[in-house]
Amino acid sequence: MTAPSPAPVVRPHRDDTVLGVLRSPRLLTREALAGIVTTLALVPEVISFSVIAGVDPMVSLVASIVLALVMSLLGGRPAMVTAAAGSVALVIAPLVRAHGVEYVLPAVLLAGVIQIAFGTAGLARLMRFIPRSVMIGFVNALGILIFMAQVPHLIDVPWIVYPLFVLTIVIVVLLPRLTKAVPAPLVAIVVVTVIVVAAGLDVTTVGDEGEMGGGLPGLTPWLVPFSLETLGIILPTALSVAFVGLMETLLTAKLVDDITETPSRKGKESWALGVANIAAGAYGGIAGCAMIGQTVVNVKIGRARTRVSTVVAGLFLLLLVTALSEVMARIPMVALAAVMMIVAISTVDWHSVRPSTLRRMPIPETLVMVVTVAVVVATDNLALGVAVGVLLAMVLFARRIAHVIRVERTVEGGAASADGIGLSSAGPGSAGPGSAGPGSGASVRYDVIGPLFFGSSNDLVEHFSYADDPARVTIDLTRASVWDASSVAALDAVGTKYAAHGVEVEFVGLDDRSSEFHGRLTGRLGS
């Protein structure tokens, strides 16, 4: 009798894969609507960033289409929105003012090559060294910047703007309690737009921010000479565009990783950004990177999880720029501002600023977070704020662990051993109780505990009793590690001081890596 065949295993469709989304009408609708909402939130910012950069709004819009589609296909972080971003615009603006818009193309192409090299070399792994306090500062500063960017749309405006603002907020906040089938921001934008158009209200619209329509441009023409002079002009800007874009993109990818609880491929995201920027520079004319606010709209409000949402965003933006440019131009800015303010409030990590959290948090961690936020808000530059935060965190960390090293002194043999007094903490120049002077017949062992690096090893020489120790001294480094040349130089200095007192010193207990490192440098660092 044959055993019955096991029932086939039916695996549910996963909502974090493109195939799973395409097989599910419900998930496909969710991803598509998220992409549409993201596009509507993207348009006014891209236009305003083009003004900052000193380029035509259509340049930034077309480049954003290219960036969104290329990154949807090649990027390593699904559902993350890439477009012409403000941080890149701030970097490009000085080049345009000083030399003209024609130098943007070669600068963008060179920046793309640098990003490809960065990604293929695996340097994206450096992101692991960004501390949590800097990430929290980055997120909180982002929320503040998004909120502040919307405030001008509510100042010196007709009174009717304020009821429209309140209506948008009410719809965005309350509609999800009734249904989540359609994104609340999309409903709010459509409702407010219909009211404004039907009533003929005189309020600021997307069209007032910049020219819409006009068709798609062709390839960006190369208008500068191929020369070392051109390279000298574009190189500083290209480097800034490359690393500002990479930093903002990788930080946003990490943020999305946390929101979606899924991993991303940072190296792939890095080189893909380079390819996307080269394509956007060639067809569009400007570079970009991850759009943090719009990404939050996509993955938090729209609940998107796959590349489908960003493909829809790119295609919908293409539709708006071409066939629906007049419709896009009539969207009231107040509706978009209200949606982005909700995004800003939800972006801030409110738990990190609660009094109960701040009381428990170490002061250096809080200081790093506050400084990161302050620099970002003061400069409108997320990358600069993160860089300052990381440097401050490194300094505070080095200062903190510089004092964790301990040196314990044990007298072995001789009178001290017989008296049962062996272990003491050596102070500078003093053997302490149980000391054994030269000629006592005893030996001394020092146990060095803690990491030896430039911060902790500088005062290592002060922990030994050179004049009081016997002729044999052992320094046990089993519970220590040698990490840099400063530590090797410090150990050499200890040996030199003992030699001046006629004491033979032996270093023992180094692990294989530390032993090889020490053996390669010892005796070769001093004069």
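Me: Hi! How much space lies in the second largest pocket?

Reply: Hi! About 420 Å³ of space lies in the second largest pocket. Of the 18 residues lining this pocket, Pro131, Ala393, Met394, Phe397 and Ala398 are the closest to its centre. Keep in mind that this is a predicted model, where local features need pLDDT of at least 70, side-chain atom pairs count only at pLDDT 80 or more, and totals for chains, interfaces and linings use all residues. Residues are numbered from 1 along each chain as its sequence is written, and side-chain values use heavy atoms, with hydrogens and water left out.

Me: What is a pocket, and what is its volume?

Reply: On a 1 Å grid over the protein atoms alone, a pocket is an open set of points where a 1.4 Å probe fits, with protein on both sides within 12 Å along at least five of seven lines; lining residues have an atom within 4 Å of a point. Grid points are joined across faces, edges and corners, and the volume is the space filled by probe spheres set on the points.

Me: New topic. Is threonine 252 buried or exposed?

Reply: Threonine 252 counts as buried because its relative accessibility is 0%. Buried means under 20% relative accessible area, exposed over 50%, and partly exposed in between (1.4 Å probe, protein chains only). Threonine 252 sits in helix H9 (residues 228-260).

Me: What is threonine 252 in contact with?

Reply: Leaving aside neighbours within four places in sequence, threonine 252 is in contact (heavy atoms within 4.5 Å) with Met80, Phe138, Ala290, Ile292 and Thr295.

Me: Last one: what phi does aspartate 156 have?

Reply: A positive one, about 55°, although aspartate 156 is not a glycine. Most residues other than glycine have a negative phi. Aspartate 156 is in the loop between H6 and helix H7 (161-178), and at 78% relative accessibility it counts as exposed.

Technical notes. Helices (H or I, at least four residues) and strands (E, at least two) are DSSP runs, numbered from the N terminus.
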